[in-house]
Amino acid sequence: SHQAPWWFHAGLPNQHRDPRDVWAADIRSAALGIALNEAEHRPMVLERFPDLIDRFEFWQVDDIPLVPPGVALPQIEEKVRALIARLSAPFAGTPSG
């Protein structure tokens, strides 16, 4: 049987879009930027937005054709779930009430 991908259940769109350019205003308006491939994206961010590098979290998920979608997508899912758990956790040192 065919199982729907995790992003379908998460309510994320199941559509392809071409990459688009990122502008400083985009980064400043976001709480966090995720760069999927640190080796590829860190140099670009440092070149274009050196003063905004601290707003990014860099992951290491290789692009197609280096790895097939069946390898990359589970890695992304794991990292997204970990990020959601981390962002959903109460802050350390905050009194519970």
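Colleague: Which residue forms a salt bridge with Arg81, and how far apart are the closest N and O atoms?

Modeller: The model is a predicted one. The partner in the salt bridge is Glu77, with the closest N and O atoms 2.7 Å apart.

Colleague: Which parts of the chain does the salt bridge between Arg48 and Asp21 link?

Modeller: The side chains of Arg48 and Asp21 meet at 2.9 Å, N to O. The two residues are 27 residues apart, and the pair links distant parts of the chain: helix H3 (residues 38–48), which holds Arg48, and the loop between helix H1 (6–9) and H2, which holds Asp21.

Colleague: Is Ala31 buried or exposed?

Modeller: Ala31 is found in the loop between helix H2 (24–29) and strand E1 (33–35). A residue counts as exposed when its relative accessible area is over 50%. Because the relative accessible area of Ala31 is 81%, this residue is exposed.

Colleague: What is the distance between the closest N and O atoms of Arg42 and Glu38?

Modeller: Both residues lie in helix H3, 4 residues apart. Arg42 is partly exposed, at 31% relative accessible area, and Glu38 is partly exposed as well, at 28%. They form a salt bridge in which the closest N and O atoms are separated by 2.8 Å.

Conventions: Residues numbered from 1 in each chain as written. Predicted model: local features only at pLDDT ≥ 70, side-chain atom pairs only at ≥ 80, totals over all residues. Heavy atoms only, no water. Buried < 20%, exposed > 50% of the residue type's maximum accessible area, 1.4 Å probe, protein only. Salt bridge = Lys/Arg side-chain N within 4 Å of Asp/Glu carboxyl O.
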